[in-house]
Amino acid sequence: MQITRKSFESTDEKYTRVVFDNGFTCYIIPKDVNSPYAAIGVDFGASDTLCKETGEEFPVGTAHFLEHKMFQTKNGDAFALFADRGAASNAYTASDKTVYNFSCTDNLYENLDILLDMVFNAHFTKKSVEKEKGIIAQEIKMYADNPRWRCYRSLLELMYGKSPVSSDPCGTVDYIYSVTPELLNRCRKAAYSPDKMVLCVCGNVDEQKIIELTQKAISGVRSGKGGTFYPPNISRKPAGSRNAVYGDVSSPVFNMGIRLDTPGHIVSAYEFAAVEIIMNLLYGKSSDLYSELYVKGLFETIGDDCQTSRNTFFATVSGVSAYPDAFRASACEKILEYAEKGFSQEDFDRTKKAIYGDLVFSCESPESVCDSVISFHMEGDDFFEYPATVASVKKEDAEMLLKNRFLRENICISIIFPKEEEK
Amino acid sequence: MSFSPVCLSEGVRYTHVETNRGKTDSLCVSFRVPLDPVSLAAVTLISKILIRGTMSFPDTVSICRECEDNYGCSVDIAHDRRGREISLTFMLSYLRNSFAFSGEDIAERAVKLLSEFIFSPYLIDGAFNAEYTEREKTALCALISSIKNSKPSYALYRANALMCPGEPIAVSLYDSADTVRSLTPEYLASFFADVVKTAPVDIVYAGNADVNRMLELVNEHLKFSPRAVCKPSPVRRRTPGQVRTFVEEASASQSTLVMGFRLGGDFNRKDFNDLVLFETVLSLSPVSKLFTNVREKLSLCYYCSSNIDRHNKIMYINAGIDYANSKKAQKAILKQIKDISDGMISAEEFDNAISFNVIANKAICDDASSLSQFYLSQVLRGVYLTPEDECDLFKKKGVKGLIRVAKRISLDTVYILKGNFDANNQKEL
């Protein structure tokens, strides 16, 4: 087992990272809170449908179905076991990972035992798999009725083509009804391997006790490398630049995306930080564009975001606008303008300061800390280094990135217009 | 051990909560305004106009840049309804001074900004900026019409309108587009000046500054004149008779079922914890009756949740379902309430409900923002109990209290928003 300890003065944070012999990684983050939080991230998400080593395919919807059923253990429903020990548990399936978590005020170590047991020893019965299908079918329908969700999925399809990346993570109702316990077991065996998992515990915790408890829980788990999963069929360039449909919305809902990945290139934390700064400067509330377009009535609400997972890297601006195409035209012009004239040093430094403030804010919450640590770990980075990375981004590097990656041909927009406008 | 707010002057209270946990401080200033259709529209619109500018920072860009430069401090202006009152609350969060790069006083700069929003909004000749007002009216009307984008929200709004016409709970922003359009910059500025001058106000601070330092800042930047405090009149409600059922259609894949119930009891003080425990057993805890039986055992839905307005003594239960299952779902939901009123609550369910609420109250102490929200809610309720007191109170509760709550519940209205479109396959159902 390898133990690393680090502390970070500027954010007043520290952690201990333990890598066990079978590759299972554990972060222990001390924090003076009443309600500690723990999460296990599995490096297998909704769009990871193809196993590189075996070629076996698990269609979109499998990872999410598995997440629902992982709470079934030989000792009973883990959800109820957590509740009996005063913990609130949950799980989610992202594009590139599945995360199981709980928070509690007492019985941390007992709850941690349950969490570790369920991710390694889940037990599926035909009956429980069958009864889950109706629930997931309703979840699929609920998302299908959400215009923002549909708009986002459609944007992903424009940027990455018809691929697992752009599909609904829950799968389709037809596929869900074909899932069997055998399929789920096969998928779990292939994807849920200790070297593909990371545990993060944050709170008033006894470090040694967590290490011992984790060691004991994983001692019976097979070692060896787990499968490497990835989303196949990602188009090399955007499949289209605009998609517009009509739906039951009051005003047009839009999502504009800028595809930033380049084939074979792994996104660094530095590049990610630069894009976060750029997006703030271009479309944040303190940007010239935000005020200018809001005053003109070119949007009602907008929000920006940037994401990277597997081979994808993109930034988005989404919101509600009566004139989404005019919004895109102005947003593209602004990119060209800044690519030519550059950012002001004052704006650049102020934006970095605000992002630093947001990161320190986010460190208050054990949940936010654990989720960020897991996400960064899976990208091969360290979340606690990120504030320093943001501070180190040079204006010239951000400007270069803006010039080379924010290209017109990589900008796509998905729109849902009110169906009344169709008439 | 209970706490007591300091009375700074008549109708102006200050509550100080000291904590070393976390990295941020939180300061709330909350005004109480009588609820009616015009005041609801005015308060909503004012909260949007205020955030556009102050006399020192007259536009969004300069305000946002001020916040960014002060390490991402934030000011949110929100409103909430409590029976016959609306609370208009300014919420400030900022990093503690120890995280500043060069010893700046983040706290004082942030409190000054908060004070600007309240005492120096951006006015021209005594009125709000006409351009900002018009723009925010358009934005608010767009928000009002967007209610139909979310089918669960729309179904709740319709159920509420059909169940409680004429009652305060039915006063809805979603019916007030015309009122919003009619409000002028002059009227809104005078309305807000009146709120600042006459509405009862509560200031709540949570953070690691000592009380003397905070009172110094409050006296310097948030000084309010004395004002009268009037108790709002009690809410009058319809007595439920025969259950009414309404079905409307919408372009949606999923149907939404809303069941509206009337509650009996005094939930502000006496029965408050019993009501919370009832709701926890019914729908909030991880082993709640609705989750375990309606979702997990019967697989009828993905979500089935409750929504209680204790001021108006109303409970809504809503679920996303297939229309064909609507009768089955209603029967299953009613059975869960009947089981509670018949005392069919297992020790596991009851213990879980107690521990769920104890945990929730303990977790409040982990950050300043949750603490300030909790204490503000307590002073508005007129209950001066700390999170620790609430934990002790829950631990002393027995099952009889929640049975009593369940026995006083009666179904009033069933509303179904029937989905008639398959969004995945783009075809009518």
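Domain bounds here come from an automatic or database domain assignment. Chain B is divided in this way into domain 1, residues 6-221, and domain 2, residues 244-428. The model is predicted.

Stay with chain B for a moment. The C-alpha centres of domain 1 of chain B and domain 2 of chain B lie 29 Å apart. The two domains touch: 34 residues of domain 1 of chain B are in contact with 29 residues of domain 2 of chain B. Several elements each supply at least two residues to the domain 1 side of chain B. They are strand S2 (12-18), strand S3 (24-34), strand S5 (85-95), helix H5 (151-163) and strand S8 (201-207) of chain B. H5(B) gives the most to this side, with 9 residues. By class, the side of domain 1 of chain B that touches domain 2 of chain B has 16 nonpolar, 10 polar and 8 charged residues.

Now turn to chain A. Its domain assignment gives domain 1 (2-230) and domain 2 (242-422). Here the C-alpha centres of domain 1 of chain A and domain 2 of chain A lie 27 Å apart. Across the boundary, 39 residues of domain 1 of chain A are in contact with 30 residues of domain 2 of chain A. Seen from domain 1 of chain A, the elements that each supply at least two residues include strand S1 (2-8), strand S2 (13-19), strand S3 (25-30) and strand S4 (37-42) of chain A. Strand S9 (98-103), H5 and strand S10 (197-203) of chain A also each supply at least two. The largest share, 10 residues, comes from H5(A). By class, this side of domain 1 of chain A has 22 nonpolar, 9 polar and 8 charged residues.

The two chains also meet each other. Their contact takes 48 residues from chain A and 48 residues from chain B. On the side of chain A, the elements that give two or more residues are helix H2 (78-84), strand S8 (88-93), helix H4 (126-144), helix H5 (147-160), helix H10 (288-296) and helix H12 (345-362) of chain A. The residues of chain A that touch chain B divide into 18 nonpolar, 15 polar and 15 charged.

Which residues touch the most other members of the largest nonpolar core? They are Ala38(A), Leu115(A), Val119(A), Cys200(A) and Leu114(B), out of 254 residues in that core. H9(A) gives the most to this core, with 11 residues. Take Leu115(A) as an example. Leaving out residues up to four places away in sequence, Leu115(A) touches Ala38(A), Ile40(A), Tyr100(A) and Phe102(A).

H9(A) leads on to helix packing. Helix H9 (residues 269-283) of chain A and helix H15 (residues 395-405) of chain A pack at an angle of about 80 degrees, with their axes 10 Å apart. Angles of 65 to 115 degrees count as roughly perpendicular, so H9(A) and H15(A) are roughly perpendicular to each other. From H9(A), the residues in the contact are Glu271(A), Ala274(A), Val275(A), Ile277(A) and Ile278(A). They meet Asp397(A), Ala398(A), Leu401(A) and Leu402(A) in H15(A). By class, this contact has 7 nonpolar, no polar and 2 charged residues.

Helix H1 (residues 62-69) of chain A and helix H7 (residues 181-191) of chain A pack at an angle of about 95 degrees, with their axes 10 Å apart. H1(A) and H7(A) are therefore roughly perpendicular to each other. H1(A) brings Thr62(A), Phe65(A), Leu66(A) and Lys69(A) to the contact, and H7(A) brings Leu183(A), Leu184(A), Cys187(A) and Arg188(A). By class, the contact of H1(A) with H7(A) has 5 nonpolar, 1 polar and 2 charged residues.

Finally, look at the backbone. Most residues other than glycine have a negative phi. Asn107(A) has a positive phi of about 60 degrees although it is not a glycine. Asn107(A) lies in the loop between S9 and helix H3 (108-121) of chain A. With 16 other C-beta atoms within 10 Å, Asn107(A) is partly exposed. Asn233(A) also has a positive phi, near 60 degrees. Its loop runs between strand S11 (229-230) and strand S12 (242-247) of chain A. Asn233(A) is partly exposed, with 13 other C-beta atoms within 10 Å.

Key:
Residues are numbered from 1 along each chain as its sequence is written. Chains are lettered from A and ligands numbered from 1 in the order in which they are written. This is a predicted model: local features need pLDDT of at least 70, side-chain atom pairs count only at pLDDT 80 or more; totals for chains, interfaces and linings use all residues. Axes are lines fitted to C-alpha atoms, for helices over the stretch in contact, and angles run from 0 to 180 degrees between N-to-C directions. Helices (H or I, at least four residues) and strands (E, at least two) are DSSP runs, numbered from the N terminus. Angles under 35 degrees count as roughly parallel, over 145 as roughly antiparallel, 65 to 115 as roughly perpendicular and the rest as oblique. Two residues are in contact if their C-beta atoms, placed from the backbone, lie within 7 Å. Ala, Val, Leu, Ile, Met, Phe, Trp, Tyr, Cys and Pro count as nonpolar, Asp, Glu, Lys and Arg as charged, and the others, Gly among them, as polar. A nonpolar core is a set of buried Ala, Val, Leu, Ile, Met, Phe, Trp, Tyr and Cys residues joined through C-beta atoms within 7 Å. A residue is buried if 20 or more other C-beta atoms lie within 10 Å of its own, exposed if 12 or fewer, and partly exposed in between; C-beta atoms are placed from the backbone.
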